[in-house]
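Please look over the sequence and the structure below before reading on.

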Amino acid sequence: MEILDVLTSMAKTGRLGPVFSGADWNDVTAALGEPWDIGTMSRNRKWPRLFAYGDLELSVCRCRKVSLICVQTWRDVVELPPLAVGGTGTFPAGLKHADVVSALDGAGCSWEPYTPLTFGNQCSLTAIASGANFTFEVPEGEEPVLNVMGLPGDGHDCSARTAGQDH
C-alpha cells in the first residue's frame with residue numbers, strides 16, 4: 001500500500017484501521033499496542049493527552065475517546081502503525097498537491113479548497129466525505145508539499161466528570 005492510498009482511504013472513511021474520531025482508547029491500544037505518550041495538552045490537567053504511533057498523532061480526552069487525529073507528513077519519511085496499514089508502515093514523504101488531488105479524484109473523493117487555512121505560504125483543502133483536512137506548505141517558487149493531514153473531531157464534550165477516571 002502507498003501513502004496516498006492510506007491518506008485517500010482516511011479521507012473517504014474518516015478512519016485508519018481502528019482509529020477514528022470517537023474511538024474507544026482501549027480498543028485502539030488493544031489493536032495497535034501501546035503508543036508513545038507525548039504528554040498532556042494542558043499544564044493543569046492530566047487529560048487530554050497526546051499519543052503517537054510514529055507520525056500518527058492522537059489526542060485522547062479524559063473519557064478515553066480519540067478526539068483528534070493527525071498524520072504528520074512534513075518529515076522525510078512517514079511512519080504509521082504497521083498493524084493499521086500493513087507492510088512496514090514506512091512511506092516516503094514529500095507529497096505534492098497535484099498528487100494528493102489526483103489521488104482523491106481517482107478515488108472518487110470530492111474535495112474543496114479550505115480557505116481558513118489558506119494564507120501566506122500554505123494552502124489547504126478538505127475532503128467532503130469525512131471533513132479530512134490536507135494542509136500544504138508552499139515553498140517559494142515551488143509546488144505545494146503536504147505538511148499534515150487531519151481528521152476532524154466528533155464534537156463530543158466530556159466536561160462532565162467521569163467516575164473513576166483521572167481528570
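Does D55 count as buried or exposed? At 5% relative accessibility, D55 counts as buried, where buried means under 20% relative accessible area, exposed over 50%, and partly exposed in between (1.4 Å probe, protein chains only). The model is predicted, so local features need pLDDT of at least 70 and side-chain atom pairs count only at pLDDT 80 or more, while totals for chains, interfaces and linings use all residues. Residues are numbered from 1 along each chain as its sequence is written, and side-chain values use heavy atoms, with hydrogens and water left out.

**Salt bridges**

A salt bridge is a side-chain nitrogen of Lys or Arg within 4 Å of a carboxyl oxygen of Asp or Glu. By this rule the count is 3 salt bridges. The table lists them.

| Pair | N to O distance | Relative accessibility |
|---|---|---|
| K65 and D24 | 3.6 Å | K65 28%, D24 24% |
| D37 and R49 | 3.0 Å | D37 43%, R49 17% |
| D55 and R75 | 2.4 Å | D55 5%, R75 31% |

The side chains of D55 and R75 meet in a salt bridge. D55 lies in the loop between β4 and β5 and R75 in the loop between β6 and β7 (77-79), so this pair ties together parts that are 20 residues apart in sequence. Strands here (E, at least two residues) and helices (H or I, at least four) are DSSP runs, numbered from the N terminus.

D37 forms a salt bridge with R49. Because D37 is in strand β3 (residues 36-40) and R49 in strand β4, the pair links parts 12 residues apart in sequence.

K65 and D24 also form a salt bridge. K65 is in the loop between β5 and β6, and D24 is in the loop between β2 (19-20) and α2, so parts 41 residues apart in sequence are tied together.

Two strands pair if DSSP finds at least two bridges between them. Strand β4 (residues 49-53) is joined to β5 by 5 bridges, and the two run antiparallel. R49 stands opposite V60 in β5. The two strands form a hairpin with 2 residues between them, and G54 in the turn has a positive phi of about 65°.

β5 also pairs with β6 in the antiparallel sense, over 5 bridges. Here L56 has V71 in β6 as its bridge partner. This hairpin has 5 residues between the strands, and R64 takes a positive phi near 65°, although R64 is not a glycine. R64 counts as buried at 17% relative accessibility. In β5 itself, 4 of the 5 residues are buried.

**Around S124**

Which strand holds S124? S124 is in strand β10 (residues 122-127) and is buried, with a relative accessible area of 6%. The side chain of S124 makes a polar contact with the side chain of T135 (3.3 Å). A polar contact is a pair of N or O atoms within 3.5 Å; within protein, one must be able to donate a hydrogen and the other to accept it, and residues adjacent in sequence count only if both atoms are side-chain atoms. Leaving aside neighbours within four places in sequence, S124 is in contact (heavy atoms within 4.5 Å) with residues including P113, Y114 and L117.
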